[in-house]
Amino acid sequence: MSSRLLDKEIAVARRHLGTRWHSPTLRNAWGIECHNWDTTLSGLAALASTSQRSAAASGTRAKILALQPQLRGFCASAPSSSSSSYTSTSSSSSSSSQGTLNLPPPPSKSKPSNEHLDGFQHHWIESDCDDRMLIYCGVWKNRSIHRHRGVVIYMHSFGSHVHDPRGFEENIMEPLRHQGFGVIGFDGRGQGRTGKAAASFGAIGDGADRLDDLGTVLRFAQQQFGNTPLFLMGHGFGGTEAACFLSQRSTSEEAKAIKGLVLLAPCCNVDNFIPMILRVIIKMESWRGTTHLNINDLFNHAALSKDITDARLSGKNLKVLFGTVDRDGSGLLDLKEFERALNKELGIGLTHEEVVATFNRFDDDQDGHVSIEELIHHISAYHPEDDYCLRTFKVETDFDWFTRTLRPTEIHVPILLVHGRNDKIQRFCDAVKFVRSTSSADIKIAAFDDLRHGIAMDMDAPIVFKEIQNWLKARTSDVNDPDPE
């Protein structure tokens with residue numbers, strides 16, 4: 001293989017896999033904190049076999065191999081048993097090596113939590129699936145009204161969970177409660193508290209089992225809220241699961257109770273979510289005996305959110321970033337240097353107005369500069385709920401199941417699609433094609449030019465919530481006038 005062809009293959013791999021850091025300067029400087037490429041590079045370097053390798057190709061291969069010690073392994077080891085353990089809030093259990101996790105005890109050990117002032121309560125419910133898995137549910141109720149307008153069943157995206165600190169609870173679920181809606185969110189099997197409690201963290205299970213779980217949650221919602229209209233709302237793969245339930249279980253009593261479907265950047269074409277080159281790499285790793293891969297290798301942060309806080313960078317990396325962009329050596333970043341850090345070095349791609357808004361949020365003392373302490377405070381802060389977000393996924397995960405079994409013509413309920421036209425993770429055109437192929441007579445598509453896949457994770461969350469709120473209110477009765485909380 002020629003050097004030119006090998007370089008082309010490397011470029012394809014990098015484009016599809018994405019990089020955590022946009023800047024080559026930072027990728028070289030940060031060593032093992034760079035993105036996970038070593039297996040990818042090894043596989044591409046192997047293409048230049050001894051029998052085919054020219055002198056030029058040999059030189060390219062040497063460069064690739066020289067990079068490997070600086071890059072973190074693409075192949076992640078299987079989670080240790082401690083990663084699945086937890087400490088209950090009211091009973092003794094095995095503790096995690098990473099610290100005590102705030103995991104409510106299963107129903108066999110406690111009653112549902114006491115009502116909080118904000119109307120939130122958690123429950124553990126037993127799935128109708130054969131394994132009888134316990135499913136963690138969060139329930140939000142508005143206590144200032146006697147009847148809710150409707151109930152929204154929220155389904156999180158792959159790798160996330162109900163209380164993911166990146167914004168859905170704060171920007172979508174809580175505001176809906178204030179507007180008179182009940183909300184139920186649950187952690188899918190293998191994820192969040194459900195996965196931790198079952199010691200199956202990272203194993204999302206069979207698609208049919210997940211639909212059984214959703215059916216169980218829908219019956220639980222009816223027990224909690226009576227005959228209040230039910231709406232399914234899913235983000236990413238959560239939206240795909242919701243659509244799959246309505247298409248696969250369309251004749252079930254649970255599906256008949258659904259009055260509408262809200263799809264937030266759903267996955268409607270797995271081939272575009274996981275490019276062919278990444279599929280080949282995953283297959284190669286499975287042959288080598290690898291059981292888990294890093295979830296961050298499916299996409300980069302800039303495609304997910306405009307909020308750099310969600311990247312959870314380490315203090316060490318932030319100091320390197322700070323030193324790279326602090327050209328005048330003042331120890332402070334002005335607006336121009338701050339914009340360089342976000343757009344050129346980290347590749348977030350914000351407009352000037354968005355940079356200014358982020359700068360003002362980071363400038364705690366409002367002195368017109370951002371210090372390293374302020375940067376670390378906002379970006380590198382640890383959040384306890386991060387422990388429930390998946391870091392790895394099983395190589396054998398069947399992502400294709402949902403798109404293989406989707407039957408759009410079986411979906412008849414009203415549909416709201418909220419999507420970014422330039423979403424780099426789930427393509428807008430695939431989602432539009434899907435919703436238009438359903439049998440629904442009531443379809444609304446809310447498209448935004450620069451909305452990232454995270455939907456509600458950054459400064460664009462208010463426009464997303466407005467679309468959801470207006471759509472839901474137009475399809476429910478104004479039975480109350482909820483007091484502002």
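The side chains of Glu 467 and Lys 444 form a salt bridge, with 3.1 Å from N to O. Glu 467 belongs to helix α19 and Lys 444 to strand β13, so the pair ties together parts that are 23 residues apart in sequence. Lys 444 counts as partly exposed, because its relative accessibility is 35%. Glu 467, by contrast, is among the buried residues of α19. The model in which this pair is found is a predicted one.

Salt bridges that share partners also build one network, which joins Lys 306, Glu 354, Asp 450, Arg 452 and Asp 460. In total, the structure holds 21 salt bridges.

## Helix α19 as a whole

Helix α19 runs over residues 461-474 and has 14 residues. The expected span is 1.5 Å times one less than the number of residues.

Which residues of α19 are buried? They are Ala 461, Val 464, Phe 465, Glu 467, Ile 468, Gln 469, Trp 471 and Leu 472. An α-helix has 3.6 residues a turn, so residues three or four places apart point the same way.

Asp 449 and Arg 421 meet through their side chains in a salt bridge of 2.8 Å, N to O. This pair links distant parts of the chain, 28 residues apart: Asp 449 sits in the loop between β13 (443-448) and α19, and Arg 421 in the loop between β12 (415-420) and α18 (428-436). Arg 421 has a relative accessible area of 42% and is therefore partly exposed.

Another salt bridge joins the side chains of Arg 132 and Glu 126, at 3.3 Å from N to O. Both partners are partly exposed: Arg 132 has a relative accessible area of 39%, and Glu 126 has one of 44%.

## Positive phi angles

Arg 132 has a further feature. It is not a glycine, yet its phi is positive, at about 55 degrees. Where in the chain is the place of Arg 132? Arg 132 is found in the loop between β2 (120-126) and β3 (134-140).

Gln 366 also has a positive phi of about 55 degrees without being a glycine. Its place is in the loop between α15 (352-362) and β10 (370-371). Is Gln 366 buried or exposed? With a relative accessible area of 53%, Gln 366 is exposed, because the cut-off for exposed is over 50%.

## The nonpolar cores

The largest nonpolar core has 54 residues, and Ile 153, Ile 184, Leu 232 and Leu 261 are the ones that touch the most other members. Helix α7 (residues 207-225) gives the most to this core, namely seven residues. What is Ile 153 in contact with, leaving aside its neighbours within four places in sequence? The contacts of Ile 153 are Ile 184, Phe 186, Leu 214, Val 217, Leu 218, Ala 221, Phe 231, Leu 232 and Met 233.

Apart from this core lies another one, of 35 residues, and its members include Val 162, Leu 264, Ala 265 and Leu 451.

## A nonpolar patch and a buried asparagine

Nonpolar side chains also occur on the surface. Val 280, Met 284 and Trp 287 form a nonpolar patch there, with about 350 Å² of accessible area together. Trp 287 is part of helix α11 (residues 276-287). Its relative accessibility is 69%, so Trp 287 counts as exposed.

Asn 294 belongs to strand β8 (residues 292-294). At 13% relative accessibility, Asn 294 counts as buried, because buried means under 20%. Asn 294 and Leu 390 are 96 residues apart in sequence, while their C-alpha atoms are 8.9 Å apart in space.

## The chain as a whole

The chain contains 19 helices and 13 strands. It has 485 residues, of which 56% count as buried. Its accessible surface is about 20600 Å², and carbon and sulfur atoms account for 51% of that.

How many of the contacts between residues at least 6 apart in sequence join residues at least 24 apart? The share is 74%.

Technical notes:
Residues are numbered from 1 along each chain as its sequence is written. This is a predicted model: local features need pLDDT of at least 70, side-chain atom pairs count only at pLDDT 80 or more; totals for chains, interfaces and linings use all residues. Side-chain values use heavy atoms; hydrogens and water are left out. Helices (H or I, at least four residues) and strands (E, at least two) are DSSP runs, numbered from the N terminus. Buried means under 20% relative accessible area, exposed over 50%, partly exposed in between (1.4 Å probe, protein chains only). Contact means heavy atoms within 4.5 Å. Accessible areas come from the Shrake-Rupley method with a 1.4 Å probe; for residues, only the protein chains shown count as cover. Patches are made of residues with over 30% relative accessible area and no salt bridge: like charges are joined within 9 Å, nonpolar side chains (Val, Leu, Ile, Met, Phe, Trp, Tyr) within 5 Å. A salt bridge is a side-chain nitrogen of Lys or Arg within 4 Å of a carboxyl oxygen of Asp or Glu. A nonpolar core is a set of buried Ala, Val, Leu, Ile, Met, Phe, Trp, Tyr and Cys residues joined through side-chain atoms within 4.5 Å.
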